[in-house]
Amino acid sequence: MLTYLLRRLLYTIPLLLIISVIVFLVMQLSPGNFCTTLKLQSEQIYNECVERTGIDQSIWVQYGKWIWGIVSGFDFGFSFQNGQPVMTQLFTSGTFESGNPLVWTLVLSFGAMILSWLLALPLGIYAATNQGTWRDWAVNVFGFIGLSIPNFFLAIGILWMLVVVFQVGTNCWQSEQLGQNVCLGVSGLFDGGYVTASWSGEKFLNLIWHLWPALLVIAAANLAAIVRYVRSEMLNVLSEPYVQTARSKGLSERVVVVKHALKNALNPLISMLGYWLPSMFEGTLVAAMILQLPTVEGAYWTALRQGDQYVVMAGLLFFSMILIVGNLLSDFLLAWVNPKIRYQ
Amino acid sequence: MKKQLLTLLLVCVVGLGLLGGSVDLQAQPGSPFVVPAVQMQDGFGQQGGSVTIDNIDNPKTFNPITQNEASSSAITSLMHEALIDTTGQATLAQSLDIAPNQTTVTIRLREGSSFSDGEPMTANDVVFTLNNIIFNPTISSTLKDAWRVSGTFPRVTALDSLTVEIASPVSFSGLLSAIASTPILPQHLLQDDVDNGNFNAAWGIGTSPNEIAGTGPFRLKSFVAGQQVALERNPFYGKVDENGTQLPYLNEIILPVVADDNVRLLRFSNGQTEIYPPRPEDVPVLRQQSAQGVAVSVQEAGTVDMNVIAFNQDSADANLQTLFRDVRFRQAVSFATNRQGMISANLNSLGEARFGPGISPLFWIGDDANFPSFQFDLNQASALLDEIGLATGSDGMRQFADGSPVEFTLLTVQGSTVLTNDAVLFANDLGRIGVQVNVRPLDLNAVIDQLLGSLPPQFDAVRITINGGDGDPNLLRSVFESTGSLHFWKFSDGFGAGVADWQNEVDDLLEQQAQSLDLNQRANLLADFQVLVAENQPVIFLYNAQGLQTFREDRVGNFSGTVENATLLNPEILFRK
Amino acid sequence: MATSTANVQTASTEKTATLGSRSQAALIWQRFKRNKAGFIASIILGILALMVIFAGLLTPYNASSFHADANSINFDYVPPMITWIHFDGVQPYVHGLKRTYNPFTGVKGFEENTEERFDIQFFVEGEPYLLFGLIPSSIHLFGTGQPEGSTGQLFLLGTDRFGRDLFSRILYGGQMALGVAPLVVIFSFIIGIFLGGISGFYGNKVDTFIQRTVEVAMSLPRLALLLALSAMLPPEWPATARFWGIVVILAIVGWAPLARVIRGQVLALREEEFVQASRALGASDMRLIFKHILPNTFGYLIVSATLAAPSVILLESVLSFFGFGLQEPLVSWGLLMKDLTENFQFQIQFHPWLILPGFFIFISVFTFNYLGDALRDAVDPFTISKGENS
């Protein structure tokens with residue numbers, strides 16, 4: 001198993017290399033470059049930009065330098081926008097109080113994953129135990145509704161509802177920590193002074209208030225699929241003989257479902273976790289753009305709009321990495337819950 | 001969201017109409033500048049409180065010289081201030097003297113003025129800012145062009161620790177504008193960067209706040225990428241109100257980073273921000289809100305952006321080249337353009353039709369009854385096309401003499417709804433006089449490449465916006481002079497030769513007004529220029545979008561407006577109610 | 001984003017493959033008919049598809065024609081007139097349009113001018129169009145038959161900012177939205193079947209190489225890459241070429257999982273007796289792949305095509321929303337949603353009918369999912385819906 005793990009990890013290196021070439025070519029083929037817009041201001045500013053960013057060099061020189069920087073010193077280049085290292089720009093800018101993009105990406109993606117499973121498990125079980133009734137049907141419809149609303153629309157719709165319909169901004173309180181009046185806000189992660197304030201219960205509650213729309217938007221797209229899997233796994237297990245036996249022993253339905261069926265149904269579901277990871281990150285991309293979340297995805301989107309080459313490339317590599325890790329994770333979880341699978 | 005207006009950014013330099021003599025309201029040397037109470041429409045404010053304004057993106061730099069876009073300038077403009085204000089009055093400086101020969105300006109600084117880190121500001125800092133930074137060939141800055149007079153820069157010398165002399169080789173109408181646009185930077189913080197040739201990267205967004213200082217009302221407190229910029233009051237700011245209260249009134253200005261237009265509006269509606277520059281279509285939303293009792297004030301602020309459709313007069317297609325160079329064709333197109341339709345569909349009717357170039361209000365004659373007019377008139381347009389000899393084919397479309405259809409491609413920027421909508425409407429209008437226009441939205445970079453990437457340019461026609469016309473009229477030279485860097489419709493060899501007569505006349509007029517220091521003479525020259533351009537329609541002028549601003553009346557006092565949608569006009573007298 | 005990669009297990013193919021293909025189809029149909037939700041979904045989708053295909057005939061106007069009054073002032077933001085249809089006996093009619101203005105908010109609007117009456121006519125002569133993109137015609141199913149500039153217009157679902165008829169735009173836009181989906185699915189299937197088929201059939205080095213390619217493709221972040229890719233479509237391309245460019249890009253990021261599953265199925269089928277038998281009879285490789293193996297994966301293909309379609313529809317709308325998708329003057333549901341979201345608060349508060357294209361996206365994604373579910377259950381009753389009949 002350990003050798004398999006090592007082999008798979010080693011194998012991601014050429015994979016990432018190929019992906020980096022693809023990613024680089026994609027950037028190079030886009031019309032114009034980061035500096036092009038500066039032509040409108042003056043030729044000198046444009047030339048200075050070209051010199052600073054080195055985009056006039058041949059693409060293989062650029063690519064070689066970039067890859068060499070990564071290999072030799074884990075240096076992913078710098079951002080054309082502001083000269084910062086890419087790693088800072090994408091992942092680590094921020095303080096302990098404000099958090100950094102990597103942390104927020106992980107919080108959002110895993111938060112959304114946990115939320116969707118917390119919702120999907122009871123819904124799926126409920127649907128399975130009420131199979132064929134209108135309740136089963138209602139759960140199904142509910143899931144599909146979440147899936148069918150484009151998530152950019154859901155995101156902006158939620159914000160609009162909060163502001164215009166529920167007028168959340170009229171709910172204010174005197175914050176002891178900040179010493180000022182704070183009202184409920186929308187978008188971003190914190191209201192006003194909480195961004196730089198030290199961590200406290202108050203700040204945490206404020207964060208939760210800002211997180212839930214994002215988590216909901218990300219989870220909605222995936223809820224239906226997870227509910228369906230939970231439901232069908234539960235149905236599989238519920239029709240197994242040992243469940244019938246448990247029932248015939250006179251155990252209550254609750255005990256049968258939770259103790260016997262759920263435990264066994266969970267195993268294959270756990271193996272699915274890895275597959276959902278990438279789609280959670282994809283959801284975070286859209287949520288970050290609309291809800292103004294300072295995540296890796298947000299930084300990637302800004303860079304993409306401005307042709308900030310190295311940041312976009314590093315961002316794409318990061319997302320690829322997530323996909324690869326997700327696939328790897330699924331394979332391991334699958335083996336872990338199902339010892340019959342062997343690695344060759 | 002992605003807001004890609006194809007905008008030709010002229011240098012953002014404030015316009016100065018008056019070239020007055022020295023104005024010296026304060027007799028007492030060493031005292032701070034007293035902001036006259038008449039400027040405070042809501043009266044004196046009290047110190048304290050904060051105001052929140054959403055910033056459209058992360059700032060790219062805190063360097064006021066190398067910054068070149070709005071998300072950075074919104075912040076640097078609060079941290080830095082020039083020696084004189086936009087009316088030519090000495091503010092942070094004690095006095096300003098213009099020598100009788102009109103080429104030498106002497107600036108006297110106030111005793112005891114200091115930067116926001118407490119270090120004194122002296123004549124050396126002024127000389128350093130101009131000689132070592134702005135006139136430095138290795139440093140690129142949009143301010144450079146404002147200072148350049150007939151190819152060179154003025155000579156700047158420190159006469160003593162508080163007096164600076166700026167001597168221009170010739171009389172130059174833009175000199176005061178240049179002074180009023182240039183912030184003074186601290187030599188003690190930036191000398192090393194300039195010496196190392198590192199100035200272009202100095203004061204980047206990773207810089208610690210205590211290493212940045214300026215003379216503006218606020219100084220940097222903290223910056224968290226993707227979340228917010230916080231500015232705090234500059235305790236060393238050199239202005240007081242008439243009660244002697246140290247300005248600025250506000251303790252803090254918070255600028256959260258919010259890139260999405262819709263979200264910025266929602267945040268303003270929700271009371272999270274106090275000031276918001278709305279889009280035209282936000283106005284009904286805000287008016288409705290104020291009808292529901294929220295103290296939202298919507299104000300109109302003038303802007304003189306030029307929204308135009310330009311034709312490539314050096315098109316490789318011989319038919320199109322002849323056509324685009326024919327003034328009758330451009331006039332026909334101008335007649336066929338339904339400007340009111342564009343204003344109604346795009347600007348929610350908050351704009352005015354324009355037939356000539358936008359220019360700073362001081363010299364504006366576009367509303368004159370005698371000004372050339374091209375009101376929507378399809379019959380007149382058709383008559384002009386007939387006159388050119390474009391016959392109508394059996395399908396109702398116009399044809400060249402060789403029988404090929406009159407057809408061209410109009411570029412717009414992908415993702416910019418306003419530009420694309422205008423183009424779609426324009427194509428529809430021209431279809432009605434038998435000219436086929438194919439609208440093609442492209443990536444912004446691709447459009448710029450087609451405009452400026454090669455000589456002659458590649459495009460047929462393009463819908464663009466030219467900003468900055470409300471600044472000094474000298475800025476228009478790069479657009480309207482045949483050799484200007486933004487004269488993208490060409491019809492010349494790119495060096496000014498072989499141009500039309502009227503274009504030569506325009507070049508002369510613009511050159512003359514640049515050297516004229518007599519306001520009346522300058523106004524006359526610029527009036528001739530405007531009429532000449534309007535008659536010839538080198539580009540099809542469309543409309544002026546109404547500048548707009550909103551703020552919460554119940555929370556903010558002395559709000560006097562914004563420039564360029566982001567920069568506060570008088571941040572020092574703003575106060576929190 | 002929807003991720004509805006069908007997880008049909010290969011284990012079941014052994015069973016389906018041994019069934020005769022005719023009786024298999026009959027079985028599938030029988031099972032499908034029993035699933036009421038799926039059946040209703042397919043009817044709704046069918047109606048939608050017909051409406052979209054016959055858009056030219058069904059709509060009173062063309063998608064991108066501007067409507068204005070006699071003074072060339074647009075009929076912008078006319079509210080849906082579907083509630084303004086009156087009946088005189090059996091003869092439906094509408095009143096003329098009259099402008100209103102709210103001086104406080106500055107919002108313009110329209111109301112019925114009861115002094116004017118325009119009968120709604122059927123099979124009326126109107127703007128010329130091409131039915132199915134081929135047959136020139138100018139007959140519209142219904143309309144007022146009034147000339148351009150008349151106040152007697154019939155904007156069933158209202159108009160947009162230019163006075164373009166939303167009903168017509170939705171139907172024409174559906175051609176794009178519903179057209180992109182099958183095209184993308186077909187393209188990614190061609191790649192997927194070809195590579196997956198070859199990979200599974202030949203095995204060894206070819207297999208290894210193709211599998212590595214698949215792994216690279218599956219490790220590319222879909223949405224992030226899509227945004228970067230569509231920014232790089234050549235600028236010289238006209239709008240229609242962009243459409244195809246986007247179809248290809250969507251296919252490029254979507255083919256890999258498919259190839260992988262097909263390979264698995266082919267691997268299993270390759271060892272089946274009937275394939276071995278044909279091989280023994282001297283059938284060529286290509287004949288084996290296309291004649292014997294692929295038809296047996298057909299059920300799976302149908303199911304995953306149905307399940308892939310909604311995610312393509314959603315992706316198209318997301319791309320358009322971010323300005324990277326189709327461009328004016330093309331019209332698609334995604335672009336129509338962009339009209340709404342561009343000035344969201346203004347449109348939703350003053351012109352809420354602009355949300356209707358979103359409703360069509362919703363309905364089609366929703367029903368496609370149900371249809372896909374039902375088809376999967378019908379094709380492959382042994383996996384997902386095992387307990388359905390117990």
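Two residues count as being in contact if their C-beta atoms, placed from the backbone, lie within 7 Å. This is a predicted model, where local features need pLDDT of at least 70, side-chain atom pairs count only at pLDDT 80 or more, and totals for chains, interfaces and linings use all residues. Residues are numbered from 1 along each chain as its sequence is written, with chains lettered from A and ligands numbered from 1 in the order in which they are written.

**View 1. Around S138(C).** S138(C) touches E125(C), G126(C), E127(C) and P128(C), leaving aside residues up to four places away in sequence. It sits in strand β5 of chain C, residues 135-143 (strands are DSSP E runs of at least two residues, helices H or I runs of at least four, numbered from the N terminus). With 11 other C-beta atoms within 10 Å, S138(C) is exposed (12 or fewer, C-beta atoms placed from the backbone).

**View 2. Where chain B meets chain A.** Here 45 residues of chain B face 47 residues of chain A. On the chain B side, α13(B) gives the largest share, 6 residues. That side splits into 17 nonpolar, 20 polar and 8 charged residues (nonpolar: Ala, Val, Leu, Ile, Met, Phe, Trp, Tyr, Cys and Pro; charged: Asp, Glu, Lys and Arg; polar: the others, Gly among them).

**View 3. Where chain B meets chain C.** This contact takes 33 residues from chain B and 26 from chain C. The largest share of the chain B side, 6 residues, is down to α7(B). By class, that side has 14 nonpolar, 12 polar and 7 charged residues.

Technical notes: Buried ≥ 20, exposed ≤ 12 C-beta atoms within 10 Å, placed from the backbone.
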